[in-house]
Every structure is written in structure tokens, then in C-alpha cells.
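Here are a few friendly notes to read alongside the model.

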Amino acid sequence: MEAGNGTEETPLPLVLSRFQLSEEYGFLLPCPLAELPAPYGPWMEIAHDLPQLIASHQLRSRVHQMPQLSTQHLQGHEELHLAHLVLSFITMGYVWQEGEEGTVKVLPRNLAVPFWEVSQALGLPPILSHADFVLANWRRKNPNGPLEIENLDTIISLPGGQSLQGFILVTLLVEKAAVPGIKAIVQAIHAILQLDEETLHNALQELAEAIRDMGKALQRMHDYVDPTVFYTVIRIFLSGWKDNPAMPDGLIYEGVCEQPMAFSGGSAAQSTVLHAFDELLGIRHSQESTAFLHRMRDYMPTPHRAFVEELHRAPSLKQHVLSSGDARLCAAFNRCVSALADFRSHHITIVTKYISVAAAKAKAERAEPGNRAGPSTGKPPSALESKGTGGSHIFSFLKSVRDTTREGMISA
């Protein structure tokens with residue numbers, strides 16, 4: 001967030017609903033649709049059977065038999081989000097069905113064209129992103145029950161069974177835990193504009209608590225996701241075709257463009273939450289990390305990206321706290337920054353367990369004779385061993401971002 005130049009203010013009050021954000025669900029899509037209208041039955045039929053179709057190596061032939069459907073019957077952003085979710089999952093299964101050694105160069109027209117059209121309508125890229133995988137991929141088992149993991153299910157799945165479901169739903173709970181922090185951002189901006197230090201102090205306390213709660217939610221990954229399943233089965237289906245040695249030329253979207261296109265895979269860096277917190281707290285990352293994070297904003301729903309950009313234009317919280325000389329405000333600000341750095345440390349611990357340690361274990365097992373090929377039989381992807389599915393050099397990136405976060409504290 002830049003310090004204001006005196007002439008620049010947020011043009012309208014910062015209201016969550018302007019950015020398709022909800023007081024109850026934050027960046028999550030509230031109560032996503034689970035079924036598309038009847039004409040899209042062929043998509044839904046394949047999508048609901050993806051793990052079996054991939055395991056039996058039949059998905060590609062099923063896609064080739066799929067009719068070419070027009071997207072003109074899709075109405076409203078809920079139907080578009082479900083269509084994007086369905087088509088992105090089918091696409092990931094199609095591309096990675098045979099593992100990283102059996103990739104394709106062309107996404108067939110009957111999948112590529114509607115996926116491109118839906119993506120254009122939503123302002124999302126034609127690949128699986130955090131917005132599909134987590135934000136739009138949940139439902140309550142009991143519609144009147146709580147938003148707790150025991151009462152939650154995914155709408156569409158991929159190979160990985162309970163671990164995949166756990167990975168999606170724990171990430172969803174992190175997003176849910178962030179909601180009071182998102183509301184605190186709005187309160188903080190209003191408090192700065194109104195010079196209301198008491199409200200600002202309360203908002204910063206709320207924000208720090210929300211970030212700590214996100215860390216607690218993230219810890220549940222250990223309970224619900226098996227590292228071996230994540231690394232050897234799930235991870236390849238989240239991988240993209242940009243900065244990926246397994247698909248160096250990208251992917252041709254038949255009927256859309258004759259040249260191949262490259263898109264990054266799913267990444268936690270596509271979650272708008274941490275971008276919003278960084279902007280509010282004035283966190284400045286390295287040039288390389290900032291370039292990657294800004295590229296990940298292209299994978300967010302357009303209104304969420306606009307929210308982050310609005311925060312960037314708002315008056316500087318850090319400058320306000322510094323110029324106030326208020327020790328209480330300064331301590332509250334630092335608690336937010338410290339909580340955010342701690343959250344990023346928790347994330348590094350998770351990534352170490354689920355990628356680095358799991359990769360070493362898989363490498364040792366790969367050296368043993370008699371291993372079979374293909375993702376559904378547990379041959380792990382090796383092309384991205386030191387990278388995240390979004391294409392970043394994962395440990396140097398995560399540690400750099402964590403360290404620059406901590407440097408954002410105000411020294412006494």
C-alpha cells in the first residue's frame with residue numbers, strides 16, 4: 001500500500017459487496033451451485049466420475065466423445081463459476097492422465113472452446129486455479145449445519161481420495177478463518193480516513209487474531225492429508241504448463257489459438273487473502289517475489305483482484321501509525337505483521353513435509369526396482385521437485401516472503 005499523496009482517497013467507501021466479497025464467507029463463493037442446467041449434463045457426468053476415469057485411463061477417450069456445447073445457456077456468475085470448476089478439473093485430468101511423461105500438446109476443441117469462453121466471461125485463465133479448486137468447490141452435507149470440516153464435502157474431485165478432499169477443505173477453512181480479518185481491513189481503512197484511533201486499534205486486534213486463527217486452521221492439514229498421497233498422486237493434477245519442464249511448450253487450445261499458451265498451476269499465492277493483508281500492512285517483498293505474486297493476481301476472480309488494487313490506492317496504514325506516535329497502535333500493528341510472518345512460517349513447515357520430505361522419500365522408492373508408471377499408480381512427478389505447482393522455486397520464494405514480512409515491523 002502506497003502512502004497517500006494528499007490528493008488521493010478511495011473513490012467510494014470500501015464496501016465488501018462491491019468486490020463480490022461476503023461478510024459471512026469472505027472470498028469464498030457463498031453456497032456454490034453443485035449442478036449445471038440440463039444441457040450441460042455431458043460435462044457433469046464426466047466431472048463426477050473423474051477419479052475413476054483417470055485411474056482406468058479412459059478420460060481422454062471420454063472427452064473425445066463429448067459433444068461440443070455452447071456456453072450461451074450459462075447465466076449468472078454462479079453457473080459460470082461451476083462451469084469453470086468442472087471444465088478446469090476435466091482439463092487437468094485430460095492433460096495429466098498418463099503422468100508427466102504422457103502429456104498432450106493439444107486440448108481438444110470440444111473442451112478448449114467452452115473453457116476459454118467461460119474463462120473470458122469470468123476474467124479467469126483457462127486452467128485450474130485456487131478460485132476453482134477451493135473457493136467454488138464446497139458444499140454442506142447438512143444444508144443447515146455448520147461450516148466445519150465434518151459437515152463439508154467437495155463438489156468435484158480428482159485422484160487422491162480423502163487426502164485430496166482434506167487438502168481442499170482445510171484450505172477452505174483457512175479462507176473462512178480469514179473472514180474477520182477481511183472485515184477488519186475495511187474497518188481499518190475507514191478509521192484512518194476518520195482519524196478514529198480507537199476503532200483502528202480494535203481493527204488491528206481483530207486482524208492479528210484472524211491471522212492466528214488461519215494458522216490454527218492450516219495446522220489441520222497434518223490431520224487430513226497424507227504427504228505421500230499428496231506428493232505422488234495429487235500434486236501433478238495441480239501443475240500447470242508454464243515453467244514446467246514436463247510441458248516446456250505449453251498447451252494448444254484447439255479452436256481458440258493456433259499457438260500454444262502457457263499458464264501456471266494452482267498455488268496458494270493465488271489466494272487473495274494474503275495479498276490483501278500485505279497491501280494493508282505495507283509489506284514490501286523482493287523484486288522477484290513481487291513479480292511472481294503480481295502474476296498470480298491474474299489467476300484471481302476480477303472483483304477480488306480489484307479489491308487488492310483498491311487497498312493499494314488507500315491511505316498508508318503504516319505511515320498513519322508512524323505519524324500518530326501512538327505506542328498502542330504501533331504494538332497492535334506489529335502484532336499483525338508478526339502473526340503474518342508466523343503464518344508464513346507454518347506454511348513453510350507444511351511445504352517441507354508435503355513436498356521436500358515426500359520428494360526425498362519418493363526418490364528413494366523410485367530407485368527401487370519394479371515401480372509402475374502413471375499418476376494413479378503412485379509414480380511421483382519429478383519435473384517440479386523443487387518448484388511449487390504455480391512454478392515458483394518454492395523454498396527460496398517462501399522464505400524470502402516470510403523474511404520480508406518480518407522486516408515490515410515498526411522498530412521501537
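Which residue follows helix 15, and is its phi positive or negative? The residue is Gly 325, with a positive phi near 65°.

1. First, the ground rules. This is a predicted model, where local features need pLDDT of at least 70, side-chain atom pairs count only at pLDDT 80 or more, and totals for chains, interfaces and linings use all residues. Residues are numbered from 1 along each chain as its sequence is written, and side-chain values use heavy atoms, with hydrogens and water left out.

2. Helix 15 spans residues 317–324 (helices are DSSP runs of H or I, at least four residues, and strands are runs of E, at least two, numbered from the N terminus). Leu 317, His 320 and Val 321 are its buried residues (buried: under 20% relative accessible area; exposed: over 50%; partly exposed: in between; 1.4 Å probe, protein chains only).

3. At the start of helix 15, a side-chain oxygen of Ser 316 comes to within 3.5 Å of the backbone nitrogen of Lys 318.

4. Arg 344 and Asp 278 form a salt bridge, with closest N and O atoms 2.9 Å apart (a side-chain nitrogen of Lys or Arg within 4 Å of a carboxyl oxygen of Asp or Glu). Arg 344 sits in helix 16 and Asp 278 in helix 12, so the pair ties together parts 66 residues apart in sequence. Both residues are buried.

Key
Polar contact = N/O pair within 3.5 Å; in protein donor to acceptor, adjacent residues only side chain to side chain.
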